[in-house]
Amino acid sequence: MKKFYISLLGSALISIIVLGWLIDAFSQQTHTPQDEFYNQTQMIKGFAKQLAAMAPTERERAIKQLNSDFNVQLEYRPTQSLALPHTLLQQITQPNGLILEDQQGYYLLYSEASLGAHHLKMRLGKDPIHDQGNDVLLTLLFYAGLCVFMGFIITPLAKRLTVLNEAAKRFAKGDLSSRIHVSHFTYIRDVELTFNRMASQIEKLLDENKLMASSLSHDIRTPIACLRFGLEAAQDCPNEEKRLEYLARMEQDLDQMESMLKSYLAFATLEQKANQLTFNKSDLHSYLLTVIHQVEPKLEQRALHLEHDIKTGYICADLHWLARAIVNLLSNACDFAHSDILITAHCSPELVVINVEDDGQGVNEQNWHKVFSPFFQEQTHRNRDGESYGLGLAIAAKVADWHHGTISVSKSKKLGGACFTLSIQNKSP
């Protein structure tokens, strides 16, 4: 919107300046003083001819008579009394004379050879009706031109607002794929981009809610079936020891259901955390070593070896959520690595890139675009961990999105397994 405000203000100023200059130039060309006082110029030339035919001593009396007869203000003065440049003095002998302006208004100076060293000065009176008509016309022209200039600015804005309105209507009717094709020549580019981001976010949330409902209804059937089987078996079993065993299994199924529901609910409320990010600055090397320390028990339990190659530099991000994303990537690597894990990282003032690689079987290439979807698990990876519901990588993807970054998976060139690459913007604190 800042671009629109600057364009609107700049256009208004430019239009006022240009229109004012054009109207002023037009006024000077079409309404010159010579044209406006043509009758008075012809009159003073006639007076000059009458005075030239008289003796110099009679001219003063004739001036008074002319003033009385024609109701004019005519004066007969020596030319040397005029304090004018030589170029202007020459103009008083021209056919149209010289028109000047003072505090009282316009006056006309005229002389010819027959008057000798004298000239005539006549006070000029402007027609107020004619002047008022010109002012009204020029005012109308000015505002009409201003409206035309503003129209060039407002019309594109109105068109883009119409496009935005139509897209919003389509989205409200259920077309969640409705987006605005952002133009480089729009004044509301930020608004259009914000609408597209909002629409994408809403579409993503609705898809995730549908997927979560579908996955939950599918995954919860197994523990419910086990509970029903255990309950029926416990009711029909006469052996007390066997009944207790069924009850213990039912308790395990309930724990699994509780864990599953907690995970699903935690992911469902995860988007609310996007508005609660706190960005802090930290040394990249020491920060990642602290994060690696959190997964050391799992590394020891599975007898895995982790190497790291972390470049020096500083990172500015929400350190809590970024740590959770990295821990999820490391934990995922621990689940599928055979013996080795490698984490590398480097940063610049604009970007932080973190790679987590393992020597496991990797991710099927056809699933590279699915692996970050909530609740997605490859068939070969299912049940590797009883408490895994396919949410770890989805959470890492959300954290990357919160930091205006990306996350991707590929094949590790060094270890041969999966290689997860997390890239985020290095924000200023």
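**Close-up views of a predicted chain**

Residues 24 or more positions apart account for 65% of the contacts in this chain that have a separation of 6 or more, where contact means heavy atoms within 4.5 Å. The model is predicted, and for that reason local features need pLDDT of at least 70 and side-chain atom pairs count only at pLDDT 80 or more, while totals for chains, interfaces and linings use all residues. Residues are numbered from 1 along each chain as its sequence is written, and side-chain values use heavy atoms, with hydrogens and water left out.

**View 1. The whole chain contains 13 helices and eleven strands.** Helices (H or I, at least four residues) and strands (E, at least two) are DSSP runs, numbered from the N terminus. Of the 429 residues in the chain, 39% are buried, a word that stands for under 20% relative accessible area, computed with a 1.4 Å probe and protein chains only.

**View 2. Strand 3 (residues 105-110) pairs with strand 2 and with strand 4.** Two strands count as paired if DSSP finds at least two bridges between them. Strand 2 (residues 98-102) runs antiparallel to strand 3 and is joined to it by five bridges, and a hairpin links these two strands through two residues. Strand 3 also pairs with strand 4 (residues 118-123) in the antiparallel sense, here over four bridges. Tyr 107 in strand 3 stands opposite Leu 100, and Tyr 107 also stands opposite Arg 123 in strand 4. Five of the six residues of strand 3 are buried, which leaves the strand mostly covered.

**View 3. Helix 12 (residues 319-336) is largely enclosed by the rest of the structure, because 16 of its 18 residues are buried.** The expected span of a helix is 1.5 Å times one less than its number of residues. For the 18 residues of helix 12 this gives 26 Å, and the end C-alpha atoms are 26 Å apart, which agrees.

**View 4. The largest nonpolar core has 46 residues.** A nonpolar core is a set of buried Ala, Val, Leu, Ile, Met, Phe, Trp, Tyr and Cys residues joined through side-chain atoms within 4.5 Å. The residues with the most contacts inside this core are Ile 326, Leu 330 and Ile 341, and helix 12 gives the most to the core, with eleven residues. Apart from this core lies another, of 18 residues, among them Phe 47, Leu 74, Leu 108 and Leu 124.

**View 5. Ile 341 has contacts beyond its neighbours within four places in sequence.** Among these contacts are Leu 299, Leu 304, His 305, Leu 330, Ala 333, Asp 358 and Leu 415.

Terms used: Buried means under 20% relative accessible area, exposed over 50%, partly exposed in between (1.4 Å probe, protein chains only).
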